[in-house]
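Please open the model in your viewer and keep the sequence beside it, and then follow the stops below in order, selecting the residues as they are named.

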Amino acid sequence: MSKKLQYSATIVLILLLSGTQGFAKGGGGKSYVRDGVYYSDIQLPFRLEQQQIEALDSGVTLSFQLDFSIVDVRSWRIDRDIGTLSQAYSIRLNAFTGRYSITNLNIGTKFALSSTQEVESFLSEIKNIPLVDDSILDIERNYSVIMQASITAEGISQWIKTLSFWRQNLDTEFETIEWMLLD
Amino acid sequence: MDAFGLKALNIRRLVSALIFLSVVSLAALLFSDDDPSELNRIQVSLLAINLASFLVLLPIVALSVKKLFFDYKQKKLGAKLRFRLALAFSGLALIPAIVIFFFAINFMNKGISVWSDADVEKGLSDALMLGRSALDERIQDGLFATSNISIQLKGMENIAQTLEKQRKENNALQLSLIDSDLRLLANSSSQLDRSSSRIPTSFEINQVALKQSWTSLDSTADDQYLIRVLVPAVNFSLNEKPIYLQALYSVDPKLSMMAYSVEETYARYGMLSFMKTPIQYSYALTLGIVVLLALLLAIYGSFEFADRLVKPIEALEKQTDKKSSPEKKLSSTSDGEDEISILVNSFMAAQKEAAWSDVAKRMAHEINNPLTPIQLSAERIQKRFSASAEEKEFIDSSTRTIINQVDVLRDLVSAFSNFAEREKLNFKKTDINNLIDETIQLFSIQHKNISFGLNRGGLDLIEVDSNKIQQVLNNLLLNSIDACQDTKNPKITIETEPKKADSATFCEVTLSDNGQGFGEDIIGNAFEPYQTSKKGGKGLGLAIVKSIIDEHKGEISIENSNRGASIKIILPTKQNKSKEGI
């Protein structure tokens, strides 16, 4: 295979793979201490793409995951990871109730919402996420929280997503946001 | 077949390994889970294996095709037959494979389309609507009961007892009072799953503030349904903050179970419908790769099969001493003549030659045996009967005639023997120009009236049996000298010239004279034994010449020029060792 052909094949493959994934910018977070535990409130530009709504309405379950990483910010040295935490939600349409069911997979609570706008509104603002016990932190040091959020279509393999190349943004990757744990 | 510098054996091993790998992966694909999502998970790796096999096999087959085309264009012996066989076998594999592929795709698409059959979708929708209408009534009952309870709640005094009483009276699972800050003020509940008993969200509270009520059908972790009702407690105020009453009602477990089953099936159906097209693509792609791989293997197999079929034929041709004939390399075969025809012709020629050789041997033996007693008897008669001078002269004359004719017969027997017996050639690197020059020198001394000439071409040393080639030159020069007997200013010229065909090099020797030329009646079969136009000629000279040239893997041809005859000999400069002594 010639180099030109190899490059072309690689570009086509990247385009096919990236075609199924969207990207959302913006968002922010803040942390506070309550009863010796650091909690965070998150604001995200959570928007469901048309293909994601179609997928939901068809019976596909979407997974919304928030990955937190608490980092000890050190001068002149590489930052040190203190811990990681994931908060996951599943979103699906219950065809029987006609409502979008959001399940917090960490604690099992379920919420039923009547429209995708309500889903967007619900997941755009997530409050009271327990992050870390203050006993393991040093008050003299600087800690930051790095959060990466993503939406993925569950039960649909990457292979099928690649073959659904005409569908844009079945998965969404949010921009990484970072804030200081202690202000 | 060499591809990428690999030996044919290595390529065969590689192809065998690829076939094994592909068959195993296809078997795994065949026996994998029927669930399309499960299938897709393993499909990628299995397809990758097949795709890799395909990508490895593709250049091997492409190089084989290229080589076959090249050989075919060069009109190499065996290429035409190999090309035809490969084309036939590939065609036999290609046509059914394409037909099966399109039929399989068609049936597969039809099969997948059944999933999204309109009747199935409508049936599922109707089942959902039926379930919903059954539950709507229960939800409205719950809303009505909860609104009634909320009216009766007027303050925090004895609130726990009031909630407990109302919960039992209205068959609620839970009654809770919540303020606008989502703080639980009072609660009364039966045994409930912890996950089902939850504080409403601010969103739900906002909805109640807007719409005066909020109802939802919640599914629990154990696949049951709960009716959740949230209303404002209009007569209840605490620190002037609005208070809300949340009530949970159970749904009949049987109905819950059926509702869950219908909903699951509907969701699964919806998901499959959503993935229908990519699943079709996936199956088509899998089938396509499998068919392409099978086709490539079939084409590769057809090349191998054709190769194996042609090889014995080629070997047979070698045995008939034709394959490496320079004629086939310097001049192409006629279009209608394939390897089988060449083989048949070669075989017939070889048989003919063998038959002649056998006849010559027998004749030599049968004629030679009586010659000695005839000659001895004639000599004895000559010695014993010496009476009168007249009788003596008669007897002498008669016996001399007998003895001379016996000598003639002996020469004939000797010529037969030379033709029939093939000695093993002794190839040595020889300067053909010098050999010709020496031969011409000998003849020019004996025939001073003839002008001999040699035009030397730039030739390297060539591998020949110099004695045999000397014999060839002698025979040809003798023939030319005889042909020039009646010619004024007879002239015999020999010209040498190097030739190339493919990567092989040849030496071309052309002998021309201005004699009488070949008679039209014998020029077509001049190299066959007993063909001669010379008085007293045995007709074996050119047959022996042809035999020697054939043994050198060379070619000889004759033609009449404007004045005289021209004999062209083509000899390979190098002899293939394996072919020596054939």
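**First stop: a helix in chain B**

Select Lys67(B) and Asp71(B), which are separated by about one helical turn because they stand four residues apart in helix α2 (residues 36-73) of chain B; helices here are DSSP runs of H or I with at least four residues, strands are runs of E with at least two, and both are numbered from the N terminus. Before going further, note that this is a predicted model, in which local features need pLDDT of at least 70 and side-chain atom pairs count only at pLDDT 80 or more, while totals for chains, interfaces and linings use all residues. Residues are numbered from 1 along each chain as its sequence is written, chains are lettered from A and ligands numbered from 1 in the order in which they are written, and side-chain values use heavy atoms, with hydrogens and water left out.

Lys67(B) and Asp71(B) form a salt bridge whose closest N and O atoms are 3.2 Å apart, the term meaning a side-chain nitrogen of Lys or Arg within 4 Å of a carboxyl oxygen of Asp or Glu. Lys67(B) is partly exposed, at 41% relative accessible area, whereas Asp71(B) is buried, at 8%; buried means under 20%, exposed over 50% and partly exposed in between, using a 1.4 Å probe and protein chains only.

**Second stop: across chain B**

Now select Arg82(B) and Asp307(B), whose side chains meet in a salt bridge of 2.7 Å, N to O. This pair links distant parts of the chain, with Arg82(B) in helix α3 (residues 79-113) and Asp307(B) in helix α8 (residues 276-319) of chain B, 225 residues apart. Are these two residues, Arg82(B) and Asp307(B), buried or exposed? Both Arg82(B) and Asp307(B) are buried.

Move to chain A and select Phe46(A), Phe64(A), Tyr89(A) and Phe174(A), which ring pairs link into a cluster. Rings of Phe, Tyr and Trp (its six-membered ring) pair if their centres lie within 6.5 Å, and planes under 30 degrees apart count as stacked, over 60 as edge-to-face and the rest as tilted. Over all chains, the structure holds 12 aromatic pairs. One of them joins Phe46(A) and Phe64(A) edge-to-face, at 4.8 Å centre to centre and 85° between the planes. Phe46(A) lies in the loop between β3 (37-43) and α2 (50-58) of chain A and Phe64(A) in strand β4 (residues 62-73), so the pair ties together parts that are 18 residues apart in sequence. Phe46(A) is buried, at 0% relative accessible area, and Phe64(A) is buried at 0% as well.

**Last stop: where the chains meet**

Finally, show both chains together: 36 residues of chain A are in contact with 38 residues of chain B, contact meaning heavy atoms within 4.5 Å. The area buried between chain A and chain B is about 3100 Å², of which carbon and sulfur atoms give 67%; buried area is the accessible area (1.4 Å probe) that two parts lose on being put together, summed over both. In chain A, select Phe96(A), Lys110(A) and Trp159(A), which lose the most area to chain B, together 26% of what that side buries. Between chain A and chain B there are two salt bridges, and Arg92(A) forms a salt bridge with Glu264(B), with the closest N and O atoms 3.9 Å apart.
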